[in-house]
Amino acid sequence: MTAPHPAPVAAADPVSRRRTFAIISHPDAGKTTLTEKLLLFGGAIQLAGQVRAKGDRRQTRSDWMGIEKERGISVVTSVMTFEYGGHVFNLLDTPGHEDFSEDTYRTLTAVDAAVMVLDAAKGVEARTLKLVEVCRLRDIPIVTFVNKMDRETMDPFELLDDVEKALALDTTAKTWPIGRGRAFAGTYDLDTNTIRLKDAEESIPVSGPDDPRIAALLPPQDFAQFQDEVLLAQGASKPFLQQSFLEGHLTPVYFGSALKDMGVQDLIDALGRFAPSPREQHAATRVVEANEAKMAGFVFKIQANMDPNHRDRIAFMRVCSGRLTRGMRVKLVRTGKTIGLTAPQFFFAQDRTIADEAFAGDIVGIPNHGTLRIGDTLTEGEDLIFRGVPSFAPEILRRVRVADAMKAKKLKEALQQMAEEGVVQVFQPRDGTQPIVGVVGSLQLDVLKERMAGEYGLEITFEQTRFAVARWVTTDEPNKLEDFAKRDTSAMCSDLDGDPVYLATSVFSLKYEQERWQMLRFADVKDYQ
Ligand code: G4P
């Protein structure tokens with residue numbers, strides 16, 4: 001038996017107290033329910049059901065857009081801050097629908113850890129797999145929460161095995177379910193030999209898995225099985241190595257039921273105890289440590305019209321170092337211009353407030369009228385550019401037409417704005433024809449259409465193009481790129497930043513060109529700079 005954990009003692013300095021994380025999961029695994037329970041702990045909301053009230057779904061997720069309401073899906077990413085156990089948690093919400101996966105990937109560039117929620121009956125699902133891949137690219141440590149233990153479940157050992165095999169991720173079970181399905185009665189802490197029956201209740205020290213207090217909770221057969229399993233889990237589990245977790249190779253696993261208020265407290269304690277405080281961030285020229293004195297941050301998300309009463313555009317910035325204060329003047333590195341942070345904002349479940357100060361790990365909203373773009377770096381003067389807010393090659397390409405030909409210029413401006421917000425990607429063909437938009441999922445097109453009509457009065461339609469694939473082209477031989485571009489100016493485009501993009505009619509024809517033009521590099525991901 002190991003010694004009990006000391007109560008988590010939060011460090012006094014503001015940076016060490018912060019935990020900035022996102023929840024990743026396959027739709028329906030329970031992300032919304034878990035978010036709600038986490039916020040309840042933090043007192044950020046008073047009543048369960050506020051994150052997703054029945055019938056009027058997802059209130060905290062901005063329901064500013066008709067399309068979102070109609071379809072009951074969360075289109076946008078938002079951030080929720082709450083305090084618990086001496087820590088400040090910044091929970092970044094991500095859209096559940098895979099059509100908005102770009103948004104999710106960008107959000108994952110702004111977190112230090114992720115909670116992976118699994119449905120106990122299903123284990124690792126398709127979207128879990130994809131999201132873990134993205135976490136891995138950035139070495140984001142993952143804490144696992146196996147949800148819905150109050151229902152029919154897979155065998156817990158099978159679940160651990162599934163994570164290990166499907167995700168190539170080592171596991172250490174930190175708790176064990178006391179019964180499952182209808183008999184699910186609470187969680188047993190494998191390190192401390194304590195049990196917790198309901199969230200927000202004190203954990204109870206027990207003598208071991210054979211303690212009569214546990215026996216009293218379970219039918220005899222389930223109790224016998226529980227004892228065997230705990231002994232096996234304690235004996236066979238890999239030791240929990242913090243370093244291995246921080247490097248993204250090992251995940252601590254917690255069992256629970258968000259719906260039944262079980263296991264969530266174990267999870268939140270784990271985040272406080274194991275998840276890293278704000279990590280260093282890689283800029284093009286150097287690594288920026290969270291505890292550096294000077295403020296620096298990057299924009300990973302732009303959101304327009306969050307509040308229909310104030311037609312505004314908010315840039316979400318992750319503070320990477322230093323202290324941001326209200327009113328401070330900062331340099332927008334892309335343009336070299338200075339901007340004043342007159343009204344930076346913090347977000348709580350349903351509210352936002354003016355942020356007087358913020359620290360590394362915090363996410364602040366910066367209201368602006370189009371000055372800021374995704375990928376922008378703000379500093380106190382240094383020419384830093386943070387790396388890694390990526391843009392992915394779109395999978396659907398459509399030409400945009402506007403009914404009124406007189407509005408072509410307005411269309412261009414509006415599309416530029418949408419591209420700056422990351423709603424769609426816009427490619428301007430060199431032959432001067434109408435712009436082509438690229439998206440990962442078709443729902444993005446619906447959002448674009450609705451916003452163009454609602455915000456710009458532009459009725460647009462989409463037309464099929466002959467193109468199926470887009471690639472950013474780079475080379476050390478610009479002349480060759482020019483030669484390549486000249487052959488077909490309708491297939492050669494410029495993106496938002498003026499970078500060359502080649503549109504191919506099929507993967508096959510792309511391959512063919514790649515072979516013929518070996519001095520050109522065709523990339524399917526582009527980092528914002
Ligand atoms: P998501 O955001 O990951 O898509 O999942 P969400 O929280 O919306 O949960 C999906 C469904 O699973 C919901 O039921 C929710 O109530 C249920 N659920 C979440 N956690 C648990 C749990 O621990 N145990 C059980 N038994 N169910 C859970 P629904 O019927 O689709 O929606 P609703 O009618 O409850 O709103």
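Helices (H or I, at least four residues) and strands (E, at least two) are DSSP runs, numbered from the N terminus. The model is predicted: local features need pLDDT of at least 70, side-chain atom pairs count only at pLDDT 80 or more, and totals for chains, interfaces and linings use all residues. Residue numbers start from 1 along each chain as its sequence is written.

**Helix α12**
- Gly457, with a positive phi near 65°, follows α12.
- The 14 residues of α12 (443-456) reach 19 Å from first C-alpha to last, close to the 20 Å expected at 1.5 Å a residue (1.5 Å times one less than the number of residues).
- Gln444, Val447, Leu448, Arg451 and Met452 are the buried residues of α12 (buried: 20 or more other C-beta atoms within 10 Å of the residue's own, with C-beta atoms placed from the backbone).
- These residues lie on the same side of α12, because they cover an arc of only 130° around the axis (the arc of the directions from the helix axis to the C-beta atoms).

**Ligand shell**
- The ligand is surrounded by 18 residues, the closest being Gly30, Lys31, Thr32, Thr33 and Leu259 (near: C-beta atom, placed from the backbone, within 6 Å).
- Helix α2 (residues 31-41) supplies the largest share of this shell, three residues.

**Sheet β7-β8-β9-β10**
- Four strands form an open sheet in the order β7-β8-β9-β10, with antiparallel pairing (strands pair if DSSP finds at least two bridges between them).
- The edge strands, β7 (175-178) and β10 (204-205), each pair on one side only.
- Four bridges join β7 to β8 (residues 186-189) in the antiparallel sense, and Ile178 stands opposite Gly186 in β8.

Key
A residue is buried if 20 or more other C-beta atoms lie within 10 Å of its own, exposed if 12 or fewer, and partly exposed in between; C-beta atoms are placed from the backbone.
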